[in-house]
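Here are my notes for your first read of this model. Keep the structure open while you go through the points.

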Amino acid sequence: ELSWEITAHGRPRPGKGALRYPIPYPATAGALSRYGFHISAPFVSNQARHAPAAGDPVNGSIIERAANVAARILARHLVPRTGPDALLLIHPSSGPNEQTEGLVVAVGRLGGLPIAAGGGGKARDTDARGRTRQPGAAWRTGRGPLVFPYAANRATNRCLTMLMPEGLPRLHPDVPPFVINTFAAGKDPDVCRPFRPADAIDRICGTSQQFPWRSDKQREEVFADPDRVVVFLKLLSVESVVVRARADEIKKRALLPISGGETGLWSTVEWAISDPPEVPGASTPKVIHPKLRSTRLLQRGLLKLPQFNLDRRLASLVWDKVIAAARERYLRWLVANARRLKPATLATIARHPVFEASDGTYHPLEALCLIREPNVRRTLASHVKMPSATVQLLIASRRSVLKLRSKPSVEECRAWHAEASEVDPIGWTGIGVT
């Protein structure tokens, strides 16, 4: 027979856990069940009948069978009726022991651990129309694996609670601490397992084996939402030790939300105080989503993002596969924005093939030449790339930086001479000499 103390409201309350046969042994006998409930059974007593016989196998067998019965009672009746507090009966008031850990696991294997849910974890027993069948509220219980947040820091625990994988039942937060400690120590992870900061960072990096994402698509959807990512960032902010050890991995594998609603690898995302200007002919830069611009973690420390720099971006653009129409739009943008760019940036851009010649082709600036003398310009027109009117506007806006040749190169003169020699051996008529 198992019995336990109750509160004034009829709820189970743990005690010292006495052994009885069926009357109690004397208080000085040390006859304790080592649980929070009492066990009455035909124990083998010592000769004076003042205490159980020490080391008798029958007594050990009785206590073991009683624990099995207690596990079923807790899992099927007490926990569903009275909630997490019923588990206090496992723990004697004198302190935890190896027996209590075994009983905690046994209750879990029977599906008796309470599950966190809406409305404080209670789920009323209702019929198909939603009407309550019983006046009392039942507590939901379930089989594993259940999950619970586990960290020493309260702020970390709050973050972990919000970051635990969807679809996994969560251990109710009001279970006694010894239940948490039992499963945190690794007792039967198939029943209940902790979700630690390292597990959350594994999910951030997409490398978790214990708590994997359902798909890459799900992971990208989560990290495209800045409101959800801010919780991950809060976790990283309070877990400085873990971040210090895994900063390189996070930057290599983690995703961040960027402007436009997409995601980018942490190492490719830049921080910007505002959305960068749209530059025709250039891909859209990956800058952090506006909602996360004020996040301190992204501005300083091991995980800070490089600051977006328009000059650096323009200087690093590659034009090998860009069509002429895109180069034309980019050139117009340069005309409108040349004054905001640094001289060094313009000097680098001058080497890019984005400057339009009068024939509609695009070249580096040094390939263009504006010959001042009209007759010479007409004569060498087929051998010298003259700048378009748009390029001349750009040069005029930053004349001190962008230099345009006014004299043909030796190669251009030689090409003209070779062609003129075939048509006119003397070579004079071509330049207006009679």
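In which sense do strand 4 and strand 5 pair, and over how many bridges?

1. Strand 4 and strand 5 (residues 38-40) pair in the parallel sense, over 2 bridges. Pairing requires at least two bridges found by DSSP. Strands are DSSP runs of E, at least two residues long, and helices are runs of H or I, at least four long; both are numbered from the N terminus. Arginine 20 stands opposite serine 40 in strand 5.

2. A word on the source. This is a predicted model: local features need pLDDT of at least 70, side-chain atom pairs need 80 or more, and totals for chains, interfaces and linings use all residues. Residues are numbered from 1 along each chain as its sequence is written, and side-chain values use heavy atoms, without hydrogens and water.

3. Look at histidine 38, in strand 5. Its relative accessible area is 9%, so histidine 38 is buried (under 20%; exposed is over 50%, partly exposed in between, with a 1.4 Å probe and protein chains only). A polar atom of its side chain lies 2.9 Å from the backbone nitrogen of alanine 18. Leaving out residues up to four places away in sequence, histidine 38 touches residues including Leu2, Trp4 and Arg20 (contact means heavy atoms within 4.5 Å).

Definitions and conventions: A polar contact is a pair of N or O atoms within 3.5 Å; within protein, one must be able to donate a hydrogen and the other to accept it, and residues adjacent in sequence count only if both atoms are side-chain atoms.
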